[in-house]
4 protein chains.
Amino acid sequence: VTAHFQFSTELKVRFSETDAQGVAHHAAYLDWLEVARVEYLARIEGGYQGLRDKGIEATTLEAHVRYRAPVRFDDSLVVRARCGDVRGARFRFDYVIERNGEPVADGWTTHACVDARTLRPTRMPAWLKQELARADSASAPSSAESAS
Amino acid sequence: VTAHFQFSTELKVRFSETDAQGVAHHAAYLDWLEVARVEYLARIEGGYQGLRDKGIEATTLEAHVRYRAPVRFDDSLVVRARCGDVRGARFRFDYVIERNGEPVADGWTTHACVDARTLRPTRMPAWLKQELARADSASAPSSAESAS
Amino acid sequence: VTAHFQFSTELKVRFSETDAQGVAHHAAYLDWLEVARVEYLARIEGGYQGLRDKGIEATTLEAHVRYRAPVRFDDSLVVRARCGDVRGARFRFDYVIERNGEPVADGWTTHACVDARTLRPTRMPAWLKQELARADSASAPSSAESAS
Amino acid sequence: VTAHFQFSTELKVRFSETDAQGVAHHAAYLDWLEVARVEYLARIEGGYQGLRDKGIEATTLEAHVRYRAPVRFDDSLVVRARCGDVRGARFRFDYVIERNGEPVADGWTTHACVDARTLRPTRMPAWLKQELARADSASAPSSAESAS
């Protein structure tokens, strides 16, 4: 399943992210997906901050998380992320969160490029579109992978 | 659209919930949905804490949020919530978040009853099932409402 | 002790604010102090948002919290706040957090007025200084109060 | 100044930790101090989780932060931490947060060992006291260090 993800980042569950059930609170996962997204975009020239410096923000349109197994304080997690489905001003990220090689959550988010001041939709810069498309095709499964 | 929601609660966007885009961070919405869920369940005998006292937790299986318009510091929001689709150990909440009568976000979450100690799925107590079903039918649209 | 506090606001401990010790996480208290501060300033013409609209931000210089008793999910809290010690661009807030009339925490924060764009210290507007001084003297203990 | 700190950890400011002033929210610093504290204790046999497994929690009694310069999204921070002043059930941590070698904040927290179930004060285990004292003396400045 995770063969399609070429990018991943690691993090540890912070104590401040746990709740009274003794597990990570479900809202913390959105922060972790964002951490992965930011690091993913950092591979692109300028990164997320570079976008912001050019007056472009990526705003979140939709977020979806499926919680498959609880994670606990100090657990080491791997967040895999993949950008794709770049259309017009919009793009989508898919994620899998793993612990010890086992998926504990997955999800996706959709985003739009907006003007940093007005927060209104703006055309995605051609260079970003190209970069995301390149990253997308790079992480697309080869026929060998999809056979496995 | 919101005719189906009989329950609602109000809150204000906290400064700590904003981010560097000058709007509420998208993860804060999950906290707000939870606030609404907790207050919704508080109408049921014992409420959420009552469930916890009986050794039952409601764990989150899935969360979905659609962000339709940014909200800002100090905005007054109304969170409408409705519980339904109670099956076995599982149940679902639907939400709409409004500002000045206009929807700014909507979403849904699914949950399962779990044993508070083991966090393993447990049968939903009959009384809770009944209460949620009653609340569900109570908030179902009448033909008069659906005509409006 | 709380005779000196004329302003107070109420809130409930959110589930998202708890941690794996089963109590509210210690960082959540800073959010609550901020909620009280914002509502305190809302009594002043324009409030905190009014300050921001004029290009002035209140930045936090120091924060101190003393945790006296743990608070739990769904606990109803009263946060008492008082502004004082207005000097130049700086001012200080003192707080007590109570549950059922018993103090569970206290603390203080110091702040400076800064230019909203540069975040550099800026002179506190005369009207704000006056308002804060007035609020300060209004909440100062009378001899009768201090005798009790 | 930082010669006394032998322990440090690194982190990046997350976007979710920023606020509408465009800087990291002041409550996020408490999370960062906790991250440093947890990693500091991880050097001790069993670490923080080991303490929890033995039914001991470290609860926070007091927290103090001095904010010296704003930090922004994606800033790389070094959090230096030192444990000391171990008395009875209590101990204290001191911290400095740096960016590019310059201090941007400092602070301290005090803690007590409590029984994990009752959250009541409990005697600090001798082995922990010894370990903390050892870590403390190890991080004390030698005459050579204090001369630099």
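1. Confidence in chain A. In this predicted model, chain A has a mean pLDDT of 85, and 87% of its residues reach 70 or more; pLDDT is the predictor's confidence in each residue, from 0 to 100. Helices (H or I, at least four residues) and strands (E, at least two) are DSSP runs, numbered from the N terminus. Residues 140-148 of chain A have a pLDDT below 50, and this stretch makes four contacts in the model beyond near neighbours in sequence. Contact means heavy atoms within 4.5 Å. Where pLDDT is low, the predicted coordinates should not be read in detail.

2. Confidence in the complex, and conventions. For the complex the predictor gives a pTM of 0.90 and an ipTM of 0.87. Residues are numbered from 1 along each chain as its sequence is written, while chains are lettered from A and ligands numbered from 1 in the order in which they are written. As this is a predicted model, local features need pLDDT of at least 70 and side-chain atom pairs count only at pLDDT 80 or more, whereas totals for chains, interfaces and linings use all residues; side-chain values use heavy atoms, with hydrogens and water left out.

3. The sheet of chains A and B. Ten strands form an open sheet in the order 1(A)-3(A)-4(A)-5(A)-2(A)-2(B)-5(B)-4(B)-3(B)-1(B), and the pairing is antiparallel. Two strands pair if DSSP finds at least two bridges between them. The edges are strand 1 of chain A and strand 1 (7-12) of chain B, each of which pairs on one side only. On average, neighbouring strands of this sheet are turned by 25° against each other, direction ignored. For these angles, axes are lines fitted to C-alpha atoms (for helices over the stretch in contact), and angles run from 0 to 180 degrees between N-to-C directions. Within chain B, strand 3 (residues 76-87) and strand 4 (residues 90-99) run antiparallel and are joined by eight bridges. Arg87(B) has Arg90(B) in strand 4 of chain B as its bridge partner.

4. The interface of chains A and B. Here 27 residues of chain A are in contact with 27 residues of chain B. The two chains bury about 2200 Å² between them, with 50% of it on carbon and sulfur atoms. Buried area is the accessible area (1.4 Å probe) that two parts lose on being put together, summed over both. Of the area that chain A buries against chain B, 27% is supplied by Gln21(A), His26(A) and Leu119(A), more than any other three residues.

5. The interface of chains A and D. Chain A and chain D each bring 15 residues to the contact. The area buried between chain A and chain D is about 1400 Å², 56% of which comes from carbon and sulfur atoms. Arg14(A), Phe15(A) and Phe73(A) account for 44% of the area that chain A buries against chain D, more than any other three residues. Two salt bridges are found across the interface of chain A and chain D. Arg14(A) also forms a salt bridge with Glu17(D), with the closest N and O atoms 2.8 Å apart.

6. Symmetry of chains A and D. Chain A is superposed on chain D by a rotation of 180° with 0.0 Å of shift along its axis (RMSD 0.0 Å). The two copies are thus related as by a two-fold rotation axis. The same surface serves both copies, as 100% of the contact residues of chain A recur in chain D. Leu11(A) is the residue of chain A that comes closest to the rotation axis, at 5.2 Å (C-alpha). Copies are superposed by least squares on the C-alpha atoms of residues with pLDDT of at least 70 in both.

7. The sheet of chains C and D. A ten-stranded open sheet has the order 1(C)-3(C)-4(C)-5(C)-2(C)-2(D)-5(D)-4(D)-3(D)-1(D), with antiparallel pairing. Strand 1 (7-12) of chain C and strand 1 (7-12) of chain D stand at the edges with a single partner strand each, so one side of each is left without a neighbour in the sheet. In chain C, ten bridges pair strand 4 (residues 90-99) with strand 5 (residues 102-115) in the antiparallel sense, and Val96(C) stands opposite Asp106(C) in strand 5.

8. The hairpin in chain D. Strand 3 and strand 4 of chain D form a hairpin with two residues between them, and Gly88(D) in the turn has a positive phi of about 55°. Eight bridges join these antiparallel strands of chain D, and Ala81(D) has Tyr95(D) in strand 4 as its bridge partner.

Conventions
A salt bridge is a side-chain nitrogen of Lys or Arg within 4 Å of a carboxyl oxygen of Asp or Glu.
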